[in-house]
Amino acid sequence: MGKIHVLDEHLANQIAAGEVVERPASVVKELVENAVDAGATSIDITIEEGGLSLIRVQDNGGGIEPEDMETAFQRHATSKLLSDRDLFRIASLGFRGEALPSIAAVARVECVSASGDSRLGRRIRMEGGQLTADEHAGCSQGTDMTVRDLFFNTPARLKYMKSIQTELGHISDYIYRIALAHPGIAFSLTHNGGSLLRTSGTGDRLQVIAAVYGTGTAKAMLPLRGEHADYELNGYISKPELTRASRSALTTVVNGRYIRSFAVQSSLLAAYHTLLPINRFPVAVLEIGMHPGLVDVNVHPSKMEVRFSKEAELKAFVEETARAALGGRRHIPGPESGR
Ligand code: ADP
Ligand code: MG
């Protein structure tokens, strides 16, 4: 008999969870991204004890069909990717089918969901990857995910968690970014009963900037807009008078996904050139739209890093558009300018 065998599903999920679920903020990110992908217009996030005791995400999106609910918690189960061609033009935030099974492997999860207007939903509970409860549930369309006691069965990981304040900081940072990325969705975030953020979902990004950074900052923002054969850029950047000591208020969004991009950040900073004092940084929200085939998001399980296939062009375009916004001139005359 050989010595090599295939890992059982539970063990495979626990291993994947090590990558996908690094800390409470990773759970929040995965659940919120699922809600965005489900077309929700309202997403409420409730956190207790930095997410270690409770993370709850309620959305009014399309919901999960009762017969799909268990499948959703299986490894590599997704409704977002059908063929290998889809992988090279991803339009959704998720696609790996790994979040729910990974979270369920290392926490106690309750999922209540209803799809369509049947009002007949289903509620299941999973504990350490095992189904522990399953019943019908009357509820309105949407999904309500509750994750309790994260890492209860992986003490080594639990030991690595930082203070409640640090974990909460990672969670709120992510929620601020996704709210900035999706001004058309009404977000609320509460921690231990106190409200940390509430956005209206009217689509006005400046309002979200005011909710996240304060009205003073919102007033010091310049709109920016540009078009290019391959890209579209929209957003706000701060006037040079308003600066910060770090890059932490720079948000890059590509096709609805909040990402980290050194390339985009450095192009923006290049546009400010000598306008900023040394070691001071602007506040910015840059939303870049492009054909999904021009960006590879399948670089890392967290999908925070991406690869652009025409990075040099993108960098030049971002710099040029930002420079035009700072100069108070429009980069390309829009249709209403009459040219
Ligand atoms: P992925 O997002 O990569 O598809 P997940 O494990 O995060 O994988 O979710 C598995 C599937 O469960 C999704 O493809 C989706 O069909 C369904 N799902 C998860 N969360 C929600 C939600 N909030 N609303 C509707 N469907 C959901
Ligand atoms: Mg997902």
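In this predicted model, strand 5 (residues 130-138) is hardly covered, and none of its nine residues counts as buried. Strand 5 runs antiparallel to strand 4 (residues 120-127), to which eight bridges join it. Within this pairing, G121 has A137 of strand 5 as its bridge partner. The two strands form a hairpin with two residues between them, and G128 in the turn has a positive phi of about 50 degrees.

E49 is located in the loop between strand 1 (42-48) and strand 2 (54-59). Its phi is near 50 degrees, a positive value in a residue other than glycine. Most residues other than glycine have a negative phi. E49 counts as partly exposed because 15 C-beta neighbours lie inside 10 Å, and the partly exposed class falls between the limits of 12 or fewer for exposed and 20 or more for buried. L150, in the loop between strand 6 (142-148) and helix 5 (155-159), counts as buried because it has 28 C-beta neighbours inside 10 Å. When neighbours within four places in sequence are left aside, the contacts of L150 are P24, V27, G51, L52, V106 and A107.

The surroundings of ligand 1 comprise 22 residues, of which N34, A38, T78, G94 and A99 are the closest. Helix 2 (24-37) and helix 4 (99-105) are the elements that give two or more residues to this shell. The largest share, three residues, comes from helix 2. By class, the shell around ligand 1 holds eight nonpolar, nine polar and five charged residues.

A further open sheet is formed by five strands in the order 9-10-13-11-12, again with mixed pairing. The edge positions are taken by strand 9 and strand 12 (257-259), each with a single partner strand, so one side of each is left without a neighbour in the sheet. Neighbouring strands of this sheet are turned against each other by 20 degrees on average, direction ignored. Strand 10 pairs with strand 13 (residues 284-290) in the antiparallel sense over seven bridges, and E232 stands opposite G289 in strand 13. Helix 7 (residues 205-213) packs on the sheet and touches strand 9, strand 10 and strand 13; its direction makes about 40 degrees with that of strand 10.

Two loop residues in this part of the chain are exposed. A229 is placed in the loop between strand 9 (221-227) and strand 10 (231-238), and counts as exposed because 7 other C-beta atoms lie within 10 Å. The C-alpha atoms of A229 and G327 are 23 Å apart, and the two residues are 98 residues apart along the chain. N279 is in the loop between helix 9 and strand 13, and it is exposed because it has 8 C-beta neighbours inside 10 Å. The phi of N279 is positive, about 60 degrees, although the residue is not a glycine.

Helix 9 (residues 262-272) packs with helix 10 (residues 311-326) at an angle of about 35 degrees, and their axes are 8 Å apart. The crossing of helix 9 with helix 10 is right-handed. Helix 9 contributes A263, V264, S267, L268, A270, A271 and Y272 to the contact, and helix 10 contributes E311, L314, K315, V318, E319, A322, R323 and L326. The contact is made up of ten nonpolar, one polar and four charged residues.

Key. Residues are numbered from 1 along each chain as its sequence is written. Chains are lettered from A and ligands numbered from 1 in the order in which they are written. This is a predicted model: local features need pLDDT of at least 70, side-chain atom pairs count only at pLDDT 80 or more; totals for chains, interfaces and linings use all residues. A residue is near a molecule or strand if its C-beta atom, placed from the backbone, lies within 6 Å of it. Helices (H or I, at least four residues) and strands (E, at least two) are DSSP runs, numbered from the N terminus. Ala, Val, Leu, Ile, Met, Phe, Trp, Tyr, Cys and Pro count as nonpolar, Asp, Glu, Lys and Arg as charged, and the others, Gly among them, as polar. Axes are lines fitted to C-alpha atoms, for helices over the stretch in contact, and angles run from 0 to 180 degrees between N-to-C directions. A crossing is left-handed if the near helix is turned anticlockwise from the far one by less than a right angle, and right-handed if clockwise. Two residues are in contact if their C-beta atoms, placed from the backbone, lie within 7 Å. Two strands pair if DSSP finds at least two bridges between them.
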